[in-house]
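Hi there,

Here is the structure I promised to send over. Have a look at it first, and then read on for my notes.

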Amino acid sequence: MSPSVPLQEMIRAIRSARTQCEERGVIQRECAAIRAQFRQADNEGRSHNLAKLLYVHMLGYPAHFGQMECVRMIASPRYSEKRVGYLGAMMLLDEKQDASLLITNSIKNDLSHSSQFVQSLALCTLACMGSAEMCRDLAPEIDKLLRSSNSYIKKKAALCAVHIVRKVNDLGELFAPAARTLLSEKNHGVLHGAVVLITELCERSPETLERFRKSVPELVHIMKGLVLSGYSPEHDVAGISDPFLQVRILRLLRILGHNNEVASDAMNDLLAQVATNTDSTKTAGNAVLYETVLTVLDIKSESGLRVLAVNILGRFLLNNDRNIRYIAMTSLQKIVGTDHIAVQRHRGTIVDCLKDPDASVKRRALELSLALVSASNIRSMMKELLTFLSTCPLELRAQAASGIFAAAERYSPSQRWHIDTILHVLTTAGGDVRDETVPNLIQLITTASELHCYTVHKLYKALLQDISQQPLVQVACWCIGEYGDLLLKGDCQEIEPVQVNENDVLDALETVLQSHMSSPATRGFALTATMKLSTRITENVDRIRSIVSIYGSCIDLELQQRAVEYNALFKKYDHMRAAVLERMPIMEKNSTGQTNGETTGEFVKEVQTVKVTQDQPPTQPPPSQVCDLLDLLGDSNDSVKPSSSPGQSSNNASSPGGDLLDLLGGLDIMPPTPVPAMPVYEKNGVTLTLSCEKQSETGLIVTLTASNSTDADITAFTLQAAVPKSVQLLMKAPSGDCLPACGTAKVTQVVVLNNPNKVNLKMRIRVSFTSQAVAFQDTVQVDSLPECR
């Protein structure tokens, strides 16, 4: 191929290449010819060579050697060369390269050129790749062009000023007066550039925002002209007059009316007019309506106008376009807390969106449906949600189950309904529920004393039907162990009783123990339930003893320890067995969702984990229990009172227990000072702290606690951690995946580390979340963990 071939011939040769190697050969030969011609002093085809080089650059091949040629061609007096030179500068140069500084003087000269087309080239280039230094140097020229009489230049200058303001925030004051005067222009392009510039200025400066609030009537007048104007072929898009300008004005009005009653009142009538007169059958009309809704919901608008905005979003839910349905539900999710009644009117449409085949729409519909649950509609909404749970995708099942649990706990009309709902979820999606579900359900069952017979019969039936759902099996085993005597009586008024004998119950528990689907924790529940039945039945105690003895040599240490201890109860402490295995008392639930400590061994570990993740100090045992413990040394009731008089102290010293405990001569034992959590991440409103607790010589428990300081809820919050290869890492289930706004609740993640080689511990943490429909992901490196307590 000849070095002087035109651009079209080069493109044809590249496209005709049959292999990648052949294409590279064509491009390398042509680049070598272009490079040789660039070195010639009198090159007549410089613009053609640079155009060919730009095409090579778009194909992904290196073209950096053409940067200096761009600088030379920009300085050329010929428009054809200047145009290609500016195009090459926008493609081959950026603000990080020194060559970009060489064109500053050429741009300055071209900004004052007599031809509007040359001025346009300079404005476009500066707006595309101008650095902060170039923006500072050329800002006065841009301000002059904003006051030009040429509408074409003013439009380009306004957009260039936007780039300058983004690069150098301090230059915003320079353009504010000129931007104000541009609002009186009739040209739509100039108005569009002016509105974009004013929006940028108001977002970056509160003082400028207050100054431009006086322009609200002028913006309202412009908007009314667009809404009421007749057909204009120059600006008409699907029957809407310049929807791009309308959207920009509505966004600016939203900023100006936020938290300002005067500005909001000035635009209320306009927003009502736009909401009622805009055609919603076309995409352009829907775009204008959506911006209108966002503006209404963000300013201090009238209640009737807010209801109108919610109704518009309700109509969006009926649209065939999934994108429109998605943004409608996203907007409704943001306002459901403030306009709950208005959103409730569209509950049926929202619930129907749960059947949408699109996964994103279905997820948003689930979140919104859970937010709409209230005490008045709990039964109907829960029926729909349970139906959705049985058919929903696997990735939504855990979220749906957690939301149903939270709604049932908050609005349950009765304890029986509450228990039935949770059991239905465990039967449908037991493998996807959170770890705290089992202790929470057990606590609920213990408090409903009149439903113990009903619950144990229902759980026994569920256990016979399916033992694959581990949380359901764990709760069923616990109930059979506690209330097995009620099951064997077969007398239950709430449900048709099941006639079972002792062997049937033991067969069911033994099936759980021997099943390959049972986890170690589930086997622990079943073994404990079997042991507890030894005090509730009379004829099969020997069978229970043989079952327990089998697991005394189990490979699972937890199960083996339980079996050994239970065997000891049979052999050495049989006289204490009935008292040790008596029915558990009612477990109360504190404000953090934890039980009162009187829990069975099956979920003691889980409760301890929740306490660590909540980062709360352990509750002090009642004084009576402390006294009973210390009374092993004698009568020391007074020695453990929180505050005592000097006379009481002397009594303590005279008691046997007090003499023994006073070996240090009244030295006050101060509790250890807790080690404060170390902040490791603080960005986009999310704060993540890290604290450690030493479990053993090589074991360490790391607790990550996250909070949200923004005004909007954060969803899809996940944490991932990585450690050196020699360290073993186990991440437990997080306390949630949603960070409520304003720090009202926190999410905790417990990480268990085992460091057998005792290497220097480092941790890399990845934080992922979604805030206001924007996904964020960051990675932080923790080079040294804080001192463990």
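Ile765 stands across from Val780 in S10. Before going further, a word on the source: this is a predicted model, in which local features need pLDDT of at least 70, side-chain atom pairs count only at pLDDT 80 or more, and totals for chains, interfaces and linings use all residues. Residues are numbered from 1 along each chain as its sequence is written, and side-chain values use heavy atoms, with hydrogens and water left out.

Back to the strands. S9 (residues 763-771) pairs with S10 in the antiparallel sense, over nine bridges; two strands count as paired if DSSP finds at least two bridges between them. Three strands make up an open antiparallel sheet, in the order S6-S9-S10. Its edge strands, each pairing on one side only, are S6 (714-722) and S10 (774-782). From one strand to the next, the twist averages 15° (axes are lines fitted to C-alpha atoms, for helices over the stretch in contact, and angles run from 0 to 180 degrees between N-to-C directions).

For the whole protein, there are 36 helices and ten strands. These are DSSP runs numbered from the N terminus: helices are H or I with at least four residues, strands are E with at least two. Of the 789 residues, 48% count as buried. Buried means under 20% relative accessible area, exposed over 50%, and partly exposed in between (1.4 Å probe, protein chains only).

- Thr437 is in helix H25 (residues 437-447). Is this residue buried or exposed? Thr437 is buried, because its relative accessible area is 9%. Leaving aside neighbours within four places in sequence, Thr437 is in contact (heavy atoms within 4.5 Å) with Phe405 and Leu426.

- Met576 sits in the loop between helix H31 (557-571) and helix H32 (577-580). With a relative accessible area of 39%, Met576 is partly exposed.

- Lys282 belongs to the loop between helix H15 (261-277) and helix H16 (283-298). Lys282 counts as partly exposed because its relative accessibility is 43%. Lys282 and Ile240 are 42 residues apart in sequence, and their C-alpha atoms are 9.0 Å apart in space.

Finally, a figure for contacts: among those between residues at least 6 apart in sequence, 64% join residues at least 24 apart.
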